[in-house]
Structures are given as structure tokens and as C-alpha cells.
Amino acid sequence: MWISTAISKIFGGIGSFFGGVGSNIYVFSWDFVLFLLNLVTFKRKVGKVTLKGNVGYGGKWPEFIPPTDTDSRSACPALNAMANHGILPRNGRNISYKELNTAVRNVYNFSPSFCYFVPKYMAGLLTRDYERDTINLVDISVHNGIEHDASLTRHDVFHQPDQSRPAIDLIEDLLASATGPNNTLTAHDLSVVSGRRRREARESNSSFTLSTTHKLFGSSNSSGLLTIFGGRVDDLEVFLKEERIPDGWESRVRNHFGLTFAAINRTVFRIELGIDENVQDESTQDEKKDAKV
């Protein structure tokens, strides 16, 4: 009996592995096709990025209501904001993965391939079924799942177990680092801030961990600030601090088929490769020089 059970588990695991590989090949092939189609199709007009019939059309977003103490929220400002506006259930509970897929695509104009893969990946981390199961937003905050140390908008779990709480001091430091035209963040800004944040987290958190995968997750989040929000500090201040979608806002991604992995990864690697975790940025060096004087 135990032999047949063991064999069943082994072959089940092998089947699951190859099924996962096949699924990923399909998704990223699909994504690359959408990337190519974006190159040859017209971009959506400014003011028409959110499609007619979708929530937020014309920059008119549902009423913002801050969460109550009993509402479920996560370490992800983008999902929290949708719940705060009632685009996702306001209590943040019992959300299907397919519902996440549709909502993220309609609000932020990510590609269909991106919006399928990320919720499915979340479901896999939580050992749930993408097709049948649901999620509470707090579930996304499981440490070292998608949530990770050295976030630019959250204190580490070591210091703040409730990852639904924005870290206002970190957000203000991030936004104050903008050097781009018209008060915008640049890829270089995000590399500098990320390097500083990782160094500080490593020094202050005795349980600090940050794998290569989670470094890329962090740079992916940073890339969203540049692509979806255009790095605009005025919009990001509202979005990150209040987890509210600014009045009149629409995604800065105008591509007809949305933001693909193939497109965003160029920004992800630009930010990640620009991060130096061991060398202090110039502003910090200047502060220490002034202190010595």
C-alpha cells in the first residue's frame, strides 16, 4: 500500500512539475506575442486608457473609503487601493483569482498574460487552486512569499508584523529622492533608494533575508511606479500614502494590449543592475561628512 502511495505521489509531483513548466512556456510565449502586437498597434489616446464601460472610465473612480480594522489588506498598495474604492470587495475577503485578474487589468492596464500569471503564481505559493479557490488580501503578505524585506513602502516584518500598514517615512524618503523632470522618479533614483533601503534593512533587521528572486520582486514593484504611474510624485504620494487612486487618474501605459512582462522586464533589470547595496549614495556620504565637520 505505501509503495503505491509513494509512486502515486512521485508521479503526481513529476506531472505537476512538467505541467507548471508547460504552463509557463505558454504564458510567456503569449506575453511575447502581445509585446510584438503592441509594437505595431496604435496606443490608446490620453484620457481613453481606461476603456469605456470599465470602472474608472474618464478618471471617475468609485468612492474612496479607508479600511476599517476588520477589513483585510495586504502589503500591495495596488490591491489595497482597489479594495478601498470598492473595485475589489471592500472587506478584502473571498476574492477569486480570476476576479483579481480582471480588476488589475482594467484598472492598471497590465497585459492579459501578466494578469493571468501573477494571480496564478500567488495561488501556487498558497497551495490553492487558481480556478476554484479565493484569497483574502492579507494572505498575500505571507513573509518571503511575494512580500519581502527591504520594501520601499513597508517596514520589515521584523519591525512591523502588520504589512498592510504603509511606512510613511520610507515613502517620503522615496518621493523626496525624485530627480526627474517635472518632479518624477527615474530608474536611477529607484536604484539609489533601493540600495540604501537594502543596506539599512540589513543593518537593522537581525532576521533580514533577501533572495535574488525577492530582489527582482522589489525591482518589479519599482518598475510599476515608473511604467504605470510614470514616476509622477504627485500621483504616487496619494497612491502610496493613502492607498487611494488619484482623482482623474489613468494608467500611463497606453499600449493597446497592456504592459507585458517583456516590456516591464527591461525596466526591472535596469533598476536592479543599477543597485549597489554596498556603496552609500552621495547624499548620505555628504551628510556624514557634514556631521564630522
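Trainee: How does the lining of the largest cavity split by class?
Mentor: That lining has 6 nonpolar residues, 1 charged residue and no polar ones (Asp, Glu, Lys and Arg are charged; Ala, Val, Leu, Ile, Met, Phe, Trp, Tyr, Cys and Pro nonpolar; the others polar). This is a predicted model, where local features need pLDDT of at least 70 and side-chain atom pairs 80 or more, while totals for chains, interfaces and linings use all residues. Numbering starts from 1 along each chain, and side-chain values use heavy atoms, without hydrogens or water.

Trainee: Which residues line the largest cavity?
Mentor: M122, L125, L126, D139, I140, V142 and I146 do (each with an atom within 4 Å of a point on a 1 Å grid where a 1.4 Å probe fits but cannot get out).

Trainee: How much space lies in there?
Mentor: About 40 Å³, as filled by probe spheres set on the points. The count is 1 cavity of 30 Å³ or more.

Trainee: New topic: at what angle do α6 and α7 cross?
Mentor: Roughly 145°, with the axes of α6 (187-204) and α7 (212-227) coming within 10 Å (angles run from 0 to 180 degrees between N-to-C directions; helices are DSSP H or I runs of at least four residues).

Trainee: Which residues meet there?
Mentor: A187, L190, S194 and R198 in α6 meet K215, S219, S222, L225 and L226 in α7 (heavy atoms within 4.5 Å).

Trainee: And how many aromatic pairs?
Mentor: The whole structure has 17 (ring centres within 6.5 Å; stacked under 30 degrees, edge-to-face over 60, the rest tilted). W61 and W249 form a tilted one, 6.2 Å centre to centre with 40° between the planes.

Trainee: What does that pair tie together?
Mentor: W61 lies in the loop between α1 and α2 and W249 in the loop between α8 and α9, so the pair ties together parts 188 residues apart in sequence.

Key: 1 Å grid on protein atoms, 1.4 Å probe; cavity = no way out; pocket = protein on both sides within 12 Å on 5 of 7 lines; lining within 4 Å. Helix = DSSP H or I, 4+ residues; strand = E, 2+ residues; numbered from the N terminus. Phe/Tyr/Trp six-rings, centres within 6.5 Å; stacked < 30°, edge-to-face > 60°.
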